[in-house]
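Please work through the exercises below with the sequence and the model side by side, and try each task before reading its solution.

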Amino acid sequence: MRNIGIDIGGTKIAGGVVDEDGTIVEKLRVDTPIDPAALVDAVVDMADHLRRSYEVHAIGVAAAGFISRDRSTVIYAPNIDWRDEPLRARLEGRLDTPVTIENDANAAGWGEYRFGAGQGVRDMVMLTMGTGVGGAVVSDGELFRGGHGIGAELGHLRFVRGGHPCGCGQNGCLEQYASGRALQREANAIADEGGIGAALAAVRAEKGAIPGPAVSRLVLAGDAGALEALRRVATALGEACGGFQAVLDPELFVIGGGVAQLGADLLVPVKLAYETSLPGYGERPVAEFTIARLGNDAGLIGVADLAGKER
C-alpha cells in the first residue's frame with residue numbers, strides 16, 4: 001500500500017510516492033509559490049501527477065506551523081498567510097482522497113522514528129538544527145502532539161531570559177542559540193575578536209558575510225575559531241537536552257538539520273553539555289545521541305506514513 005507525502009518548505013515543495021517500508025518510489029520538487037491559493041494549486045497538481053502511475057491510499061501534507069489536534073486545520077503558519085486555514089477539507093474537496101495535515105518537524109521526527117535513526121526505541125526526541133530548531137517527541141511509540149495539537153515546539157523553550165528576539169514573538173528561545181543561524185552569529189562574534197577568528201574574518205572579508213557552509217568547511221578543516229563557534233552552539237543544545245531528559249526521559253536524541261552534517265564534531269560537545277546539565281547524572285540511565293539518517297526526505301516519508309492512519 002502506497003501513500004503520497006508532500007513537504008511544504010519555505011522555498012521548495014517536495015513530494016513523493018512512498019512504500020510501506022518508507023522507500024520513495026517517485027519524487028518531485030517544485031518552487032513554493034508565495035500566494036496561498038497558488039500554493040494549494042501546486043500541492044494538488046503534485047499529488048495528481050504522483051498518483052497517475054500508482055494506486056494511492058492517502059495523502060499526507062507537512063507544513064511549518066501550528067496544526068489542529070484533529071490534523072485538519074493550519075491554525076498558524078509562520079511563512080505562509082494561513083490563519084485557521086481548513087487545509088484538509090480544501091485538499092480533500094479537490095483530490096477526493098483522504099488527506100492528513102501534520103507539522104513538518106513532527107513529520108520528520110516520525111520518519112526518523114519509523115524508518116531512520118530512531119528504529120528500535122519507544123521514546124525518542126528529534127531536534128533539527130536548521131534556520132531554527134525544530135522538535136518532535138515520540139513517547140511510548142506514539143507521536144506526542146499535546147492537548148491542542150501543537151506540542152513539542154522544543155525550539156521555542158525560553159532558554160535565556162531577556163535573550164535574543166525570536167521570530168515567534170518571544171525573546172531568548174532555544175533556536176536563537178542552537179541553530180544554524182546561531183552558528184553564524186557566533187562565527188561573526190569570534191571573527192570580531194581576532195586571534196582564533198582570523199580564518200572566519202577572512203571569509204567575511206571575501207564574501208561580505210560568513211555563510212553556514214563556510215563555517216562547516218572550517219570546522220571539518222580543524223579551524224580553532226569555527227570549532228569554538230560550534231562548541232558554543234552545541235553546548236546550548238546539550239544543556240537544553242538535559243532539561244528535556246528530565247521531563248521526557250527519552251532513550252534517544254536524534255539530531256538533524258544542516259548543522260548535523262558535522263557529525264561527531266557536533267555530538268561530542270552536545271553530549272558533554274548534556275551530561276553536565278542532567279539532574280542526577282551518574283545515578284540514572286542516560287540517553288544515546290545520534291545523527292538523523294533520512295536527510296531532507298524525513299518529513300516527506302514521515303507524513304506519508306502518518307497519512308490516513310488516524311481517520
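Predicted model: local features only at pLDDT ≥ 70, side-chain atom pairs only at ≥ 80, totals over all residues.

Residues are numbered from 1 along each chain as its sequence is written, and side-chain values use heavy atoms, with hydrogens and water left out.

**Exercise 1. Work out how helix α4 packs against helix α7, and which residues meet there.**

Begin with the elements themselves: helices (H or I, at least four residues) and strands (E, at least two) are DSSP runs, numbered from the N terminus. Helix α4 covers residues 180-193 and helix α7 residues 224-248, and the two pack at an angle of about 135° with their axes 9 Å apart; the axes are lines fitted to C-alpha atoms, for helices over the stretch in contact, and angles run from 0 to 180 degrees between N-to-C directions. That angle makes α4 oblique to α7, given that angles under 35 degrees count as roughly parallel, over 145 as roughly antiparallel, 65 to 115 as roughly perpendicular and the rest as oblique.

Next, take the handedness: α4 passes α7 in a right-handed crossing, where right-handed means that the near helix is turned clockwise from the far one by less than a right angle, and left-handed that it is turned anticlockwise.

Finally, list the residues in contact (heavy atoms within 4.5 Å). Ala182, Leu183, Glu186, Ala187, Ala189, Ile190 and Glu193 in α4 meet Gly225, Glu228, Ala229, Leu230, Arg232 and Val233 in α7. These residues divide into eight nonpolar, one polar and four charged, counting Ala, Val, Leu, Ile, Met, Phe, Trp, Tyr, Cys and Pro as nonpolar, Asp, Glu, Lys and Arg as charged, and the others, Gly among them, as polar.

**Exercise 2. Describe the crossing of α6 and α7, and find what covers the buried residues of α6.**

The axes of α6 (residues 212-220) and α7 come within 8 Å and cross at roughly 110°, which means that α6 is roughly perpendicular to α7. The crossing is left-handed. On the α6 side the contact is made by Val215, Leu218 and Val219, and on the α7 side by Ala226, Leu227 and Leu230; the division is six nonpolar, no polar and no charged.

For the second part, note that buried means under 20% relative accessible area, exposed over 50% and partly exposed in between (1.4 Å probe, protein chains only). The buried residues of α6 are Ala214, Val215, Ser216, Leu218 and Val219, and their cover includes α4, α5 (198-207), α7 and α8 (264-277). After α6 comes Gly222, whose phi is positive, near 85°.

**Exercise 3. Decide how many disulfides a search of the whole structure finds, and examine the surroundings of Cys173.**

A disulfide is taken as a pair of cysteine sulfur atoms within 2.5 Å, and the search of the whole structure finds zero. The cysteine sulfur closest to that of Cys173 belongs to Cys168 and lies 3.6 Å away, too far for a bond. Cys241 is in no disulfide either, the nearest cysteine sulfur being that of Cys173, 16 Å away.

Cys173 itself is found in the loop between β11 (142-143) and α4, and is buried, with a relative accessible area of 2%. Leaving out residues up to four places away in sequence, Cys173 touches Gly155, His156, Leu157, Arg158, Phe159, His164, Cys166 and Cys168.

**Exercise 4. Is α9 largely enclosed or largely open?**

Nine of the nine residues of α9 are buried, so this helix is largely enclosed by the rest of the structure. The buried residues include Ala298, Leu300, Val303 and Leu306. Gly308 follows α9 and has a positive phi, near 80°.
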